[in-house]
Amino acid sequence: MKIHEYQGKKIFKSYGIPIQDGYVIEHIEDASSTIEKVQKDFNSDAVLIKAQIHAGGRGKGGGVKYSPTAEDALANATNILGMNLVTHQTGAEGQKVRKVYITEALDIENEYYCAITLDRGKTKDVFMVSTEGGVEIEKVAAETPEKIIKVWIDPLVGIKSYQARKLAFGLELTGDAFKTAVKVFVNLYKCYQGTDASLVEINPLILSKDGRIIALDSKFNFDDNALYRHPDIAGLRDKNEEDPTEVEASKFDLNYIKLDGNVGCMVNGAGLAMATMDIIKLAGGDPANFLDVGGAASAESVKNGFKIILSDDNVKAILINIFGGIVRCDRVANGVIQAVKELGLKVPVVVRLEGTNAKEAKTILSESEFAITPADDMKDSAQKVVDAALKN
């Protein structure tokens with residue numbers, strides 16, 4: 001799950017991380033009074049108007065505007081609130097701006113990048129900083145990787161002071177700014193662990209003209225499986241920022257991600273789902289989605305899976321790839337037939353079932369009155385569904 005910048009900054013603030021502060025509005029009628037409040041609270045005529053969407057590149061897309069006067073701020077807020085903001089992360093369709101964050105304006109001396117995530121290869125958390133703040137980190141990694149300083153942290157031990165100092169030294173900080181940065185890095189790691197985040201990022205972290213270290217932005221990705229431990233964070237979810245189909249799938253406890261292809265996939269288990277998408281690609285097709293119906297696939301979950309997949313008009317054929325470990329394959333086969341009957345499917349369906357009672361399941365599918373094609377193995381199922389998609 002992702003959250004907005006202003007929500008992330010509230011979390012930062014609770015962990016003692018200095019932030020560029022302000023107030024959020026959803027209605028333009030509240031803009032003038034909020035602008036005045038920011039000017040008064042931070043003793044400055046200048047403010048920033050920042051679009052709140054779950055995507056990077058807002059500034060380049062026109063979603064962040066420096067406003068030297070209240071009149072400029074009101075004009076910028078009016079233009080940004082409700083706009084369709086297009087960035088490199090939203091795609092060409094863009095994202096509607098439903099909230100704007102009106103913040104203090106700061107004089108910047110230097111911009112930095114910092115982030116924490118899990119390095120699965122090393123089975124440790126990796127804390128990264130760079131002097132190239134405000135720039136897409138992927139570009140820095142590709143063109144000047146030496147400018148990214150990393151330390152690896154054992155999550156059972158936590159961040160050590162010498163590691164935080166190494167990061168601050170890497171940003172070439174000195175004096176009070178160095179000391180503040182060390183504290184910020186220690187607190188940021190506590191924040192990362194304390195919220196069960198899978199990613200925490202500040203881009204940019206700035207050194208202001210008056211020597212302060214301040215988080216100018218915030219980005220969080222949270223582990224959905226840990227949200228039950230953080231009802232306060234779960235309550236920050238903004239469904240307007242998510243794909244409507246993915247939101248609908250979550251109501252049925254289905255793990256669904258929409259893709260760009262035309263072959264719908266219904267699989268039990270994330271690893272098998274990834275392998276299924278790979279073999280569809282090898283067969284010359286393109287998967288339309290990732291859909292994991294869970295280990296105990298049932299008739300109900302299969303039916304709900306069909307509904308979610310068919311909400312994508314690009315789907316021309318569906319592949320069901322189920323391993324019957326916890327659940328018997330013959331029950332899954334009967335569930336597939338029941339779902340096809342109830343939903344009146346008009347796209348070809350290829351089914352590959354392996355595991356308990358797989359032979360019986362294949363017989364059930366072959367003898368059904370519906371156009372369901374059984375497959376022998378992964379390769380056979382992929383080729384059959386790709387061929388069916390091309391013909392449909």
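Buried, on this tour, means under 20% relative accessible area, and exposed means over 50%. The model is predicted.

**Whole chain**

Start zoomed out. Of the 392 residues of the chain, 50% count as buried. Colour by secondary structure and you get 13 helices and 18 strands. The C-alpha atoms fill a box of roughly 80 × 50 × 40 Å along the principal axes. Now consider contacts with a separation of 6 or more: 68% of them join residues 24 or more positions apart.

**Helix α9**

Select residues 270-282, which form helix α9. Thirteen residues at 1.5 Å each should span 18 Å, and the end C-alpha atoms are 19 Å apart, so the two values agree.

Show side chains next. Which residues of α9 are buried? They are A273, T276, M277, I279 and I280. Their arc around the axis covers only 165 degrees, so they sit on the same side of α9. Turn to the face directed away from that buried side: exposed residues G271, D278 and L282 are there.

Nonpolar side chains in soluble globular proteins tend to be buried together. Here, the largest nonpolar core holds 42 residues. Select F12, F127, L173, F185, L188, F220 and F222, the members that touch the most others. Helix α6 (residues 175-194) gives this core its largest share, eleven residues.

Centre on F12. Which residues does F12 contact, leaving aside neighbours within four places in sequence? The partners are I17, I19, L188, C191, V200, E201, I202, A215, D217, S218 and F220.

Another core lies apart from the largest one. This other core has 32 residues, including Y256, A288, I309 and V315.

**Largest pocket**

The largest pocket contains about 1400 Å³ of space. Its lining counts 34 residues. Select D224, E242, E246, Y256 and I257, which lie nearest the pocket centre. Y256 is also a member of the 32-residue core.

Finish with the elements around the pocket. Select β12 (219-222), α8 (244-251) and β13 (255-258): each supplies at least two lining residues.

Notes:
Residues are numbered from 1 along each chain as its sequence is written. This is a predicted model: local features need pLDDT of at least 70, side-chain atom pairs count only at pLDDT 80 or more; totals for chains, interfaces and linings use all residues. Side-chain values use heavy atoms; hydrogens and water are left out. A nonpolar core is a set of buried Ala, Val, Leu, Ile, Met, Phe, Trp, Tyr and Cys residues joined through side-chain atoms within 4.5 Å. Buried means under 20% relative accessible area, exposed over 50%, partly exposed in between (1.4 Å probe, protein chains only). Helices (H or I, at least four residues) and strands (E, at least two) are DSSP runs, numbered from the N terminus. Contact means heavy atoms within 4.5 Å. The expected span of a helix is 1.5 Å times one less than its number of residues. The arc is that of the directions from the helix axis to the C-beta atoms. On a 1 Å grid over the protein atoms alone, a cavity is a set of points where a 1.4 Å probe fits but cannot get out, and a pocket is an open set with protein on both sides within 12 Å along at least five of seven lines; lining residues have an atom within 4 Å of a point. Grid points are joined across faces, edges and corners, and a volume is the space filled by probe spheres set on the points.
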